[in-house]
Amino acid sequence: MSRRPWFAGAPTRADFNQLADRLDWADEAETGVSSNVRKLYELDREQEREIARLRMVVEELTGLLVTAGVITEDALITRLEARRAAVSKSRAPSRPMVNCASCTTAVPQSDTYFSDLGEVCSLCFSG
Ligand SMILES: [Zn+2]
């Protein structure tokens, strides 16, 4: 169980909420702000409980898959790491593209130059 990297190492909501517990809510002078912050805090606590319930279900189900021989733990880890990498890659900011004002080729905006025609690619700018 301890090898499962998707639950290990990262700070949890509980870590953040323990930090929040140390804030002194009673001495907050701005009661309106304090009330709103408290609502957010309570919402965060409820989400933490929901995540804990979901985590328990996922741990049970993945444990069941491994125990039942549906998949080995190593294969499960490999699949989940590949999935996480794919999700991370899809969230990476893409470079904005523009069409060259001369040849209309789509090029990264960072690779364009301004000319009398507008933004043009490096080939059109130099040629
Ligand atoms: Zn061009």
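This dialogue walks through a few features of a predicted model.

Visitor: What should I know about the numbering and the model before I begin?

Guide: Residues are numbered from 1 along each chain as its sequence is written. The model is predicted, and local features need pLDDT of at least 70, side-chain atom pairs count only at pLDDT 80 or more, while totals for chains, interfaces and linings use all residues.

Visitor: In what order do the elements of the protein run from the N terminus on?

Guide: Helices (H or I, at least four residues) and strands (E, at least two) are DSSP runs, numbered from the N terminus. Here the order is α-α-α-β-β-β-β-α, which comes to four helices and four strands.

Visitor: Is helix 3 largely in the open or buried?

Guide: A residue is buried if 20 or more other C-beta atoms, placed from the backbone, lie within 10 Å of its own, exposed if 12 or fewer, and partly exposed in between. Of the 19 residues of helix 3, zero are buried, so this helix lies largely in the open.

Visitor: What stands out about phi of Thr-104?

Guide: Most residues other than glycine have a negative phi. Thr-104, however, has a positive phi near 65°, and this residue sits in the loop between strand 1 (97–99) and strand 2 (106–108).
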